[in-house]
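Please view the sequence and the model together while reading.

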Amino acid sequence: MIPSPTATTAPLGAPTGAPAAATSDWWRSAVVYQVYVRSFADGNGDGQGDIAGIRSRLPYLASLGVDALWINPWYPSPMADAGYDISDHRAIAPEFGTLAEAEAFIAEAHEFGLRILLDLVPNHTSDQHPWFQRALAAGPGSPERARYIFRPGCGTDGEEPPNDWRSVFGGSAWTRVTEPDGTPGEWYLHLFAPEQPDLNWEHPEVRADVERTLRFWFDLGVDGFRIDVAHGMVKAPGLPALGPDADGPAGPATANHPHWDRDELHDIFRHWRAVADSYPEPRVFVAEAWVGDPDRLARYVRGDELHTAFNFDFLRAPWRADHLRTVIDQSCATLGAVGAPTTWVLSNHDVVRHVSRYGRPQPDRPVHMLAELTATAPDLELGTRRAKAAALLMLALPGGAYVYQGDELGLWEVEDLPEECLQDPTWRRSGFSDRGRDGCRVPLPWDGDEPPFEFGPADAATPWLPQPAAWRELTAAAQATRPDSMLALYRSALRIRRHHPALGDGTLRWFDSPDDVLIFSRDPGFICAVNLGTAPVPLPAHAGVLLASGPLDAGLLPPDTAVWLAA
Ligand code: GLC
Ligand code: CA
């Protein structure tokens, strides 16, 4: 919860007027900044980000002008999947800090006017979670195994996996265990890495334990959760084969998929919503749901379910006016029909950073994975110009928005990390063909002329992934004083957005425009124009320029440039 602005004294360094309005529907307009803990800031000098690091950078986050932080998993984990393999959901990983530090951080963030969302990972646990360890020890048919999805194998000796389901990271979704008596035994399901066994959501103890986790963190003052793989918890009875219905990169290819986007999920969400609404200042949820079409996504955010969902259609759209316009219209229509606000997102810790996506020839289809892109080299200058325009587009659209750490610095995907550094399970499970997601998880450059760019204290260990030397231009300190920098643009845009009555939740109205230009107005008195074409275009009639993503050319809007106008 955010204490009401009048009840607190602003801490040193907090910008005046920072505390977000204590309205109960703040989430309908919120700009949420994603903190990838391990790569944000290193407080204790071991080369990995931590809670002390985030606390030390709270003034930076508050002055950026975001409303809330989403903290990627900070729970105890063997880190087989960067913390998404959790061994204790109600504690803090020792490498990130202590529970006392987490509590202090939550309270301090609130004083800065920043709400806190955590990551809830309900689909699976770590294989080191006590429940899974007990399941292995207890053997087939035991109540301990019933909390997960164990099955006998196929073939004469059970040597084949129980069905044809695939792990998102490559290979079969099943791993065979050795039974306590030393014989090859049952198989268990893992839609992600083998170190991430799927929970059995038919089991009442699984449901009760996740509810306990929600209440545990809500009681500590946490304002909400991002729901990891919200489309995956429920599996079809009998675990029917996938057959030819392979999964696409962004979700199920078919309706009635055996393990994605099942209708039975929605009862779970309704229950969580009741828990969230039981708090005096209701808590909120955002769904990570990769589903087949926008109508299916809207089902996750019906009035008594989750509050918002990431807009991966927007993230995956190429930098092309027709694609973006279609996604914007579909999102507004489908989410509006269930009364939910739209949200917008350009990057996160699972996808290629958008500077690097937009800096390539744009395909005629959605795209987000490195393996889909590497045939061409990125033009980072072009990508940066487009990323600036995209930021103004995103922050002008109705609803809320997500900013992934480093977006505001214009960081690009580090595509040439040395192979020995790669840690994403995708790298190994793809047979070393897909480098995976480490390139968007490189530690932030804060200050100085060479790596590690003050990621940690002066004598700190080398950061867990190496930073490019060229990021010397992109440090937060270097950009803070450059009026044309990405950071300056984000700060200005977020400041205008916070105070302008037309921005945030609401609707938009399109203007007639050439095919490769997007122009819309928001009431009262605001126009956004984005030129995705190759020639300058005239600005629409306006009363003044509020902000532009690049130089305007004597009343013309140059290619790959966006502008905010007073109408
Ligand atoms: C989500 C996370 C991703 C993780 C996966 C498994 O997609 O964003 O990073 O690997 O879930 O938990
Ligand atoms: Ca550290």
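The shell around ligand 1 consists of seven charged, three polar and four nonpolar residues, where Ala, Val, Leu, Ile, Met, Phe, Trp, Tyr, Cys and Pro count as nonpolar, Asp, Glu, Lys and Arg as charged, and the others, Gly among them, as polar. This is a predicted model, in which local features need pLDDT of at least 70 and side-chain atom pairs count only at pLDDT 80 or more, while totals for chains, interfaces and linings use all residues. Residues are numbered from 1 along each chain as its sequence is written, chains are lettered from A and ligands numbered from 1 in the order in which they are written, and side-chain values use heavy atoms, with hydrogens and water left out.

Oxygen atoms of ligand 1 take part in polar contacts (pairs of N or O atoms within 3.5 Å). A polar side-chain atom of aspartate 81 lies 2.6 Å from an oxygen atom of the ligand, and for histidine 124 the distance is 2.9 Å.

The calcium ion, ligand 2, is coordinated at 2.3 to 2.4 Å by Asp42 (OD), Asn44 (OD1), Asp46 (OD), Gln48 (O) and Asp50 (OD); donors are N, O and S atoms within 2.8 Å of the metal (3.2 Å for Na, K and Ca), and sites may look incomplete, as water is not among the atoms. Glutamine 48 and aspartate 50 are both buried, that is, under 20% relative accessible area (1.4 Å probe, protein chains only).

Aspartate 424 also counts as buried, because its relative accessibility is 3%. Its side chain reaches the backbone nitrogen of arginine 437 at 2.6 Å.

Methods: Polar contact = N/O pair within 3.5 Å; in protein donor to acceptor, adjacent residues only side chain to side chain. Buried < 20%, exposed > 50% of the residue type's maximum accessible area, 1.4 Å probe, protein only.
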